[in-house]
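Trainee: I have a new structure open and would like to walk through it with you. Where should we begin?
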Amino acid sequence: IYNLTPCRMDGLAAGALCALLVRVNLSTLKLLKVARLITVFSGVGLLCVLACRDGSNHHNPIMQSVGYFFLAVLFAGILLLSLDPSQDNVLSWFLSCPILMLFGFYSYAIYVFHWPLVHVFNRWFSVNLLSRHLHSRLLGLGVHVLLSVLVSLFIAILSWHLYERHF
């Protein structure tokens, strides 16, 4: 269920709610108050789901029924909180971090290329292979994720400079 966009309409609805709240000309203070409520409510809900036995497993029915809803609403609240004009908070600092902006700029190409590359990654440097060589499952997983992210980012940067930027 988590793979198909029509089954995950709550994420799209949360984004639409953000756009609507910004456009209805609420005062910034009211908007931030709504954003705080949304963020706290969804954060507590998500923590409750994660506290359930095996709650973080994406196949868990609780995660699929309400967990992804809380996750979508949590990120909608964070998005609204990022509109705080004071710009003196940790969230604003984090969202303007250069590494995050780099991933934001190339995010679509990363999204497009990462899935076909997953199969290549699993063949070239699988978690099991790396775990055997590094003598640690956790270290093997960490290196696998790091290599996957770096290769995906590299291909996204190549795609931008060799193809996309010309349009």
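Mentor: Let us begin with a definition: a residue is buried under 20% relative accessible area, exposed over 50%, and partly exposed in between, using a 1.4 Å probe and protein chains only.

Trainee: Is Leu71 buried, exposed or partly exposed, then?
Mentor: Leu71 has a relative accessible area of 27%, so it counts as partly exposed. Leu71 is located in helix α3. Helices (H or I, at least four residues) and strands (E, at least two) are DSSP runs numbered from the N terminus.

Trainee: What kind of model is this, and how are the residues numbered?
Mentor: This is a predicted model, in which local features need pLDDT of at least 70 and side-chain atom pairs count only at pLDDT 80 or more, while totals for chains, interfaces and linings use all residues. Residues are numbered from 1 along each chain as its sequence is written, and side-chain values use heavy atoms, with hydrogens and water left out.

Trainee: What is the average pLDDT of the protein chain?
Mentor: The average is 86, and 94% of the residues score at least 70. The term pLDDT stands for the predictor's confidence in each residue, from 0 to 100.

Trainee: Where is confidence lowest, and where is it highest?
Mentor: Helix α4 (residues 90-95) has the lowest confidence, with a mean of 80, and helix α8 (residues 137-162) has the highest, at 93. Where pLDDT is low, the predicted coordinates should not be read in detail.

Trainee: How many helices and strands are there?
Mentor: The protein chain has eight helices and zero strands. Its C-alpha atoms fill a box of roughly 55 × 50 × 35 Å along the principal axes. Of its 167 residues, 30% are buried.

Trainee: Which residues make up the largest nonpolar core?
Mentor: It has twelve residues: Ala14, Cys18, Leu21, Leu31, Leu32, Ala35, Ile38, Ala72, Val73, Ala76, Leu80 and Leu81. A nonpolar core is a set of buried Ala, Val, Leu, Ile, Met, Phe, Trp, Tyr and Cys residues joined through side-chain atoms within 4.5 Å.

Trainee: What does Ala35 touch?
Mentor: Not counting residues up to four places away in sequence, Ala35 touches Gly77, Leu80 and Leu81. A contact means heavy atoms within 4.5 Å.

Trainee: Where is the kink in α3 centred?
Mentor: The kink is centred on Gly67 and amounts to about 40 degrees. The bend at a residue is the angle between axes fitted to the seven residues ending there and the seven starting there. Gly67 is also one of the buried residues of α3, and the elements covering those buried residues include α1, α2 and α4.

Trainee: And what about α2: what do its buried residues pack against?
Mentor: They pack against α1 and α3. Among the buried residues of α2 are Thr39, Ser42, Gly43 and Gly45. From first C-alpha to last, the 24 residues of α2 reach 34 Å, close to the 34 Å expected. The C-alpha atoms of Gly45 and Leu71 are 8.8 Å apart, although 26 residues separate them along the chain.

Trainee: Changing topic: is His144 buried or exposed?
Mentor: His144 is buried, because its relative accessible area is 10%. This residue lies in helix α8. Leaving aside neighbours within four places in sequence, His144 is in contact with Phe121, Asn122, Phe125, Ser126, Val127 and Leu130.

Trainee: Which residues does Ser148 touch?
Mentor: Ser148 touches Phe121 and Phe125, again not counting residues up to four places away in sequence. Ser148 lies in helix α8, and it counts as buried at 13% relative accessibility.

Trainee: Where is Asn122 found?
Mentor: Asn122 is found in helix α6 (residues 107-124). At 40% relative accessibility, Asn122 counts as partly exposed.

Terms used
Expected span 1.5 Å × (residues − 1).
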